[in-house]
Amino acid sequence: MVKISVIMPVYNSSDFLSMSLDSVLNQTIDDIEIICVNDGSTDNSTNILKKYSEFDFIKIINQENLGSGEARNKGMSFATGEYIAFLDSDDIYLDENALNSMYDLAIKTNSDMVAANLKRINKDGAVEENYDYKNTLFTFFSEKSEILPQEYGIPWAFYKNIYKRSFLNKHRIKFPNLSRGQDPIFLAKVLTNIKNIQTLPIDLYGYNHSASGGVNVKVNNYEKKSDYIKHFIETFEILRENDFNEALSSYKKEFIDYLNYKQNIDDEDIKKIISELTQLDEYFTKEDYGYFIIDFINNPPNKENKEYNLIKECLFEESVLENTFIDVYRLKDFAKISENSILEENKLKSSFKQLKTIENYTFNEKKELSGKVDRFKNEITHFIHINNAILTSNSWKLTSYLRMLKHKL
C-alpha cells in the first residue's frame with residue numbers, strides 16, 4: 001500500500017499533460033502512485049503517457065471515451081493508496097510539499113479528509129496572485145484547523161482535498177454517470193458522510209481556468225446541458241436530506257445565476273429541460289427570487305399583463321427604466337412575490353406599485369445628485385475664475401512696481 005494515489009483522467013490534454021505530470025513528480029512525498037486513465041484521447045496525449053509510463057509508479061489505463069467521472073471511478077478501482085488525490089490533466093500541483101504535509105496531518109489526526117487551497121493559474125502555469133482567493137466560493141483556508149463539514153460551504157473544488165480511500169469505499173462514494181456536473185455531487189456525498197475536516201493553509205492545487213473556458217464552453221449541447229442542470233437537482237437533494245441548509249441556499253443561487261446568464265435565459269434547450277423538471281417546485285417557492293427566473297423561462301412575457309412583464313424585464317435586463325439605476329438586487333427587495341398576488345388576475349399589482357415607487361425615488365435621487373454635481377462644478381469654476389483674476393491683477397501690480405523701481409535706479 002502506498003501513501004497517496006493520484007488519479008488523473010486524461011482526454012486530449014497534450015498541451016498541458018507534461019506540465020501536470022511533472023508537478024506530481026516534483027512533490028516531495030516519497031511513496032505515491034499516479035494512475036492516469038486515458039479516456040479515449042485522439043491527440044498526442046497517448047504518446048506522452050507512454051513516455052511517462054517508464055516510471056514504475058505511474059500506471060496507464062486506457063478506456064473508450066466515457067467522461068471524466070467514469071475515468072476517475074476507474075482510477076479509484078485500481079488505487080492502492082491509503083489516501084486518494086485528484087488532478088486534472090490541464091492543472092498542476094503548486095507547493096511541492098503540499099501532498100506530504102497533507103498526508104502527515106491525515107495520519108496524525110486519522111482524518112477522512114484533509115483540505116488545502118486552490119489558486120488559479122494561466123496557461124503557462126503562472127499563479128494569478130491578484131485574484132481574491134480569501135473571498136472566493138472555493139473555500140480558502142488561512143490557518144490550520146478542524147472544521148465541521150457544514151462549514152466547508154458549496155461542494156466545489158473536490159480536487160484540492162485528499163480523501164481516505166477506506167472512507168470512500170465504506171460509503172460507496174463515486175462520481176455519477178453524468179457528462180457534466182459530476183464534481184459537486186461527489187463532494188456533497190463526502191461532506192454529508194464525514195464528521196470533521198482537517199484544513200491546512202497550503203496551496204495544493206493550480207486550476208487552469210483559462211484552459212477550461214468557462215461553463216458554457218463545455219456545456220454546449222442538449223445532453224450536457226441536461227446533465228449539468230440535473231447535477232444541481234441531485235446536489236440539492238443530497239444537501240437538503242442532510243440539513244446542509246446554508247450550502248443548499250448558496251448552491252441554489254449558483255443554479256439561478258447559471259439560468260440567468262445572458263446566453264442561457266433564452267436558450268431553447270434549457271427552456272425545454274427546465275419545463276420538464278417538476279422537482280424544482282421543491283426548492284423554489286413563490287417567495288424566492290429564483291422562482292421569477294424559472295417562471296420567466298416557463299412563461300415568457302406576453303401582451304396580456306404589462307405590469308408583470310415590466311417587472312420580469314427589469315429583473316433580466318437589470319435596468320430597462322430610463323433615468324434610473326435600479327439593479328437586480330434592489331428589484332428583488334421591492335418586487336416581492338406573495339402567495340396571494342401571484343394567483344390573482346392582475347398579477348403583482350402591489351409589486352408593480354413598489355417598482356414605480358423605486359423608479360421615482362431613484363430618478364429623484366439621481367436628479368438631486370446631478371444637481372449637487374452641477375453646483376459643485378459651478379463653484380469650482382467660479383473659484384478658478386476669481387483666483388485667475390487675482391493672479392492677473394497681482395501680476396500687473398508686480399510688473400508696475402518693477403518698472404518704477406528700475407526708473408528710480
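A surface patch, as I use the term, joins nonpolar side chains (Val, Leu, Ile, Met, Phe, Trp, Tyr) within 5 Å, taken from residues with over 30% relative accessible area and no salt bridge. A salt bridge here is a side-chain nitrogen of Lys or Arg within 4 Å of a carboxyl oxygen of Asp or Glu.

The model is predicted, so local features need pLDDT of at least 70 and side-chain atom pairs count only at pLDDT 80 or more, while totals for chains, interfaces and linings use all residues. Residues are numbered from 1 along each chain, and side-chain values use heavy atoms, without hydrogens or water.

Let me begin with the surface. Phe 376, Ile 380 and Ile 384 form a nonpolar patch with about 290 Å² of accessible area together, computed by the Shrake-Rupley method with a 1.4 Å probe. Phe 376 lies in helix 15, residues 349-408. Phe 376 counts as exposed because its relative accessibility is 53%; exposed means over 50%, buried under 20%, and partly exposed in between.

The largest nonpolar core has 95 residues, meaning buried Ala, Val, Leu, Ile, Met, Phe, Trp, Tyr and Cys residues joined through side-chain atoms within 4.5 Å. Among the members that touch the most others are Met 113 and Leu 259. Beyond four places in sequence, Leu 259 touches residues including Asn 264, Ile 274 and Ile 297, with contact defined as heavy atoms within 4.5 Å.

Finally, strand 6, residues 113-120, has 8 of its 8 residues buried. Strand 6 pairs with strand 8 in the antiparallel sense over 3 bridges, where pairing requires at least two DSSP bridges. Met 113 has Tyr 163 as its bridge partner there. With strand 9, strand 6 pairs in the parallel sense over 6 bridges, and Leu 118 stands opposite Tyr 205. Helices (H or I, at least four residues) and strands (E, at least two) are DSSP runs, numbered from the N terminus.

Notes
Buried means under 20% relative accessible area, exposed over 50%, partly exposed in between (1.4 Å probe, protein chains only). Patches are made of residues with over 30% relative accessible area and no salt bridge: like charges are joined within 9 Å, nonpolar side chains (Val, Leu, Ile, Met, Phe, Trp, Tyr) within 5 Å.
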